[in-house]
Amino acid sequence: MRKLKALASNYPFNNVSLPWEDRVNDLVNRLTLEEIQDQMAHGGGGKQSEPAKAIERLGIGRYQWSTECLRGDVGQNATAFPQSLGLAAAFSPDLIFRMAQATAVEVRGKHNDFVKQGIYLSHTGASCFSPVINIMRDPRWGRNQETYGEDPYLSGVYAANFIQGLQGNDTRYVRASGGCKHFDVHGGPDSIPVSRFKFNAQVSERDWRSTFLPAFRKCVEAGTYNLMCSYNSVNGIPACANHKLLTDILRTEWGFKGYVVSDGGALHIVVSGHHYLNNSVDTAAACANAGCSLELGGGMNPIFMSILDAIKQNKTTEDKVRELVKPMFYTRMRLGEFDPPEMNPYSKLSSADVLTPEHKALAVEAAMKSFVLLKNVNDTLPLNKTGTIGVVGPMANDPLQIFGDYTPSPPRNVSTPLQGLYALASRTQYASGCHDTTCSTYNSSAVFKAISGTDINFVVLGTGQAIEREGNDRPDTELPGQQKTLLQDVINNTPPHVPIILLLFNAGPVNISIADQDPRVSAIMECFFPATFTGDALRHVLLNDVKGAAPAGRLPFTWPMWASQIPPMTNYSMEGRTYRYFEGEPLYPFGYGLTYTKFEYIALGLSDSIRAGDTAKGFFIIHNNGSYSADEVAQIYVSWRNKTTPSPALQLVWFDRITQVEAGVELIQVDFEIDPKSLALWHPDGWYIEQGTLDVYVGGQQPNQKRNASSNVIHTSLDIVGTKYLGKY
């Protein structure tokens, strides 16, 4: 192979002085159709789905496309950051950017070493099938944990920062290439009441454009190299064979130049699940003609191995498939594969850059920032160290379930909640109460013993991937098994003077109305799946003993009060879903979260009017007039007055996490800009900014909500002068 590479070095595609386009065209034009077929059919991911094959006559090596980088190098011994939904609760574009940077360093470092060793197994490449930016539209969906919550704007901001952090800022080379998924209208069901492999998401054009597409458009604008088409059908057409989705919207309207990869085995499912077509030749042609470039295998013979037959039968064309593979080789070129290593700064990374002290510290910081304080009666938190604590519940000392799905390999030295709580007292009495998080059997006597004679009792409940994960939806939002009984027993058997603190480790919301409403439960903290350093982060937050430990997270989803507030999983209308269209009072609203201090929003500066299409620029001033230094998550919402076009009741248009606002020291001015696209409404022919008046709200929470955080919300109005058509996208 080394001799062949030396001979191939004279080919124009190896000439570093040529433009990228010329190099890609030269390489692809040299490929035979058989070689193109092999490249399209081998995206990795299954026993029979090998990595992209070497093309020895051109000196081109193998390449592994199948790598997951959701919050660390999945499946590898690498730094595990908190699961995505927890990262979303941090409401911090800066945090997701830095997490993606660290992840990319580790992914690329290990990839470089794998290539040197000739290893091309799954999860060894430098092209990521990440992030997941589907909308959390139903609390029971098993994959909610992988998302950034229910809001398209929040998901879009996070997607852009993830892609930019992952791919790096070198002007020539990409550190690791990103790929947003699952495209599109994909948010359950996975298993209940129907399999994702058969499901047809029926969505209106308005909901599609207003809810399910915006985050992916932001991902494309950020420069992603790939998108993954999803298992489901969209309005009767499988996503990976959907020309409107993959060509009309993605390429024509958005100008996407990258490649589309199928979800694992999704091309087979076009036949076996959706029964849209009945043979591999027609399926290969339909998916290629729609715009799918690469097949991620599912342990079956690849559908794209029928590309040659499809060309011979005039069902697709040679020109079409050559165009489809160009972005795949462009990606490999931008990763540096065809240039001398000394030109590429990322070629210097290695496994020595994995699990560094800096990355571990970032993982602890991320976990602390992900926690959401839901209840804190009489300022129970933060705590001082005490004598004896009781710790009960199946999530207290389970080192696997606190990771969630799609994680780096859990190390042996995981810091569990129980290990973090040990530091709070001189004596700890512990009982799981349940064998595991399913809690099918319950040992009440052990629980009663653990909570007897204590100064504080901690109840540690939740789900974990045993309950909610890819391929496994929840039938309802109840606490699993007998966890509710365990909680009620602690409430009923704890003396009135002993605080009860409920710690939750879950993704989709669970029914904790008894804990919320019972005054005996002093505090509730949502912790999501914080991964390796859970106990360290929990200790710091409960004691507030290090900089940045005071909780400031906000819920990235609406937590329903009643099961009757949740529409059927298979109904893809947005009516009644998410804070934008929710009806009634939730248990906890989107954007809600408490802090240890109190912030006051003092002033809001914004022009009275702007011309349609202009950016709204303004500022607000905040003051921390509480007792603790803390972060503050500021949120800006708009609503449309006297609207004639259907629109959300409320829309998030800006947010940021303002770090370490010192208590009582100074007034802080924060500048903001509102993207005009955030003020546009969908019409049948595209997006318009309409003339009229908007209400603008600034604060640490939604306006006009029944359940309030301690901070206030300030309000002004903004007149839009004129109307502007922004186009169809």
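Helices (H or I, at least four residues) and strands (E, at least two) are DSSP runs numbered from the N terminus. The model is predicted, with local features needing pLDDT of at least 70 and side-chain atom pairs pLDDT 80 or more, while totals for chains, interfaces and linings use all residues. Residue numbers run from 1 along each chain as its sequence is written, and side-chain values use heavy atoms, without hydrogens and water.

**View A. Lining of the second largest pocket by class and element.** Helix α13 gives the largest share of this lining, 8 residues. The lining has 8 nonpolar, 8 polar and 7 charged residues (nonpolar: Ala, Val, Leu, Ile, Met, Phe, Trp, Tyr, Cys and Pro; charged: Asp, Glu, Lys and Arg; polar: the others, Gly among them).

View B. Histidine 182 is part of strand β1, residues 179–183. Histidine 182 counts as buried because its relative accessibility is 0% (buried: under 20% relative accessible area, exposed: over 50%, partly exposed: in between; 1.4 Å probe, protein chains only). Leaving out residues up to four places away in sequence, histidine 182 touches Val132, Asn134, Arg143, Phe216, Met228, Ser230 and Asp263 (contact: heavy atoms within 4.5 Å).

**View C. Surroundings of tryptophan 559.** Apart from neighbours within four places in sequence, the contacts of tryptophan 559 are Leu374, Leu504, Asn506, Pro509, Val510, Ile512, Glu526, Pro586, Leu587 and Tyr588. Tryptophan 559 is also among the residues with the most contacts inside the largest nonpolar core, which has 226 residues (nonpolar core: buried Ala, Val, Leu, Ile, Met, Phe, Trp, Tyr and Cys residues joined through side-chain atoms within 4.5 Å). Helix α6, residues 152–167, gives the largest share of this core, 9 residues.
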